[in-house]
Amino acid sequence: MRAVQVKEFGGPEVLEVLEVAAPQPGPGEVVVDVEVADVMFLDTRLRGGWGQDFFPLTLPYVPGGAIAGVVSALGAEVDAQWLGKRVVTQTASSGIGGGVPTGGYAEQSLAKAATLVEIAEGVTTQQAVALAHDGRTALAVFDSAAVRPDSWVLVTAAAGGLGTLLIQLSVAAGAKVVAAARGTEKLALATRLGADAVVDYSVDGWDERVRELTGGGANVVFDGAGGGIGALGLAVTADNGVFLGYGSAAGEFGTGDAEAAGVRGVTVIDLFAAVGKVTDWLAIARRAQAEVAAGRLEVVVGQTFPLDQVERAHAAIEDRSALGRTVLTVGATL
């Protein structure tokens, strides 16, 4: 079967499509014929050699942690009802509670039966795999914020996979949303999804513009950008507001003055605290799919690439041109 391999750490050019041995399921595992694989910002960082203390990788490896497709083989102790099912899941090495996101950029991949979620009627495999990380995380983060009607919400990295979902969830809750992103195309997407106002955070003074729009500060800040952008996002969180830092699109998580924010009564919640409240990841994954199937949530898959163009997929994420989710199409998709 074909799979993408990384034999050495480096730029997108180290991604190679090769013929490798097909996986064989062990006890409690299944083989998924992959139709679509998710491409994460984390995948690009790991390919470059970052994060070995947290995500130890042995070269060569196959990137990718989330896949959607059809179950084609079962290991021992797996319920036969899964055979032939259209599913979305984490790869066996990833798991739901953590692990190393490897094995997904391939025509076939192993997954643990306990992590399988059947794809709901009315949800495509592309939508399902785009929700695999973002749908669950968006709902977990949003639930932690307790967004109120008529409150002001700021979303940074607003045109990313998580940001696009958080805009919609906030609008549906009756909040007024300021979307912060870089460039006219991303800001136009945020406006289409319902943002009341947009700011370009590549322009100096964007944080002051947020203060003006919100009348002093946002009641809730969803920060997917991190870095210096996240620090300014924390600074423009209103007194007694909530700041949730869940992303690092700028290269690192936000490093604002949490002590000063605490003096103003700002509650700071990091990603681990937000997702740590989730006790049933499968249930929250099904909930995300149900929102999409019902038409209440739009999944933005901004760019798709075939497996043999995986270098372009990674480059689009790294040069910040990607909108929403980026996915690899591997087999026939529905």
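D134 sits in helix α2, which covers residues 125-145; helices (H or I, at least four residues) and strands (E, at least two) are DSSP runs numbered from the N terminus. The model is a predicted one, in which local features need pLDDT of at least 70, side-chain atom pairs count only at pLDDT 80 or more, and totals for chains, interfaces and linings use all residues. Residues are numbered from 1 along each chain as its sequence is written, and side-chain values use heavy atoms, with hydrogens and water left out.

The relative accessible area of D134 is 6%, so the residue is buried; buried means under 20% relative accessible area, exposed over 50%, and partly exposed in between, with a 1.4 Å probe and protein chains only. Its side chain makes a polar contact with the side chain of R325 at 3.1 Å. A polar contact is a pair of N or O atoms within 3.5 Å; within protein, one must be able to donate a hydrogen and the other to accept it, and residues adjacent in sequence count only if both atoms are side-chain atoms. Leaving aside residues up to four places away in sequence, D134 touches G161, L162, L165 and R325, where contact means heavy atoms within 4.5 Å.

Helix α2 also packs against helix α9 (residues 281-293), at an angle of about 105° and with the axes 8 Å apart. The axes are lines fitted to C-alpha atoms, for helices over the stretch in contact, and angles run from 0 to 180 degrees between N-to-C directions. The two helices are therefore roughly perpendicular, a label for angles of 65 to 115 degrees. On the α2 side the contact includes Q127, L131 and R136, and on the α9 side W281, I284 and R287 are among the residues involved.

Two residues have positive phi without being glycine. Phi of A157 is near 55°; A157 lies in the loop between β8 (152-156) and α3 (161-172) and is buried, at 15% relative accessible area. Phi of N240 is near 65°, but N240 is in strand β12 (residues 237-245) and counts as exposed at 64%. Elsewhere, the peptide bond from L59 to P60 is cis, with omega near -10°, and P60 belongs to the loop between α1 (41-47) and β4 (66-74).

The protein as a whole has ten helices and 15 strands. Its C-alpha trace spans about 60 × 40 × 35 Å along the principal axes. Of the 334 residues, 54% are buried.

Key:
Parallel < 35°, antiparallel > 145°, perpendicular 65-115°, else oblique.
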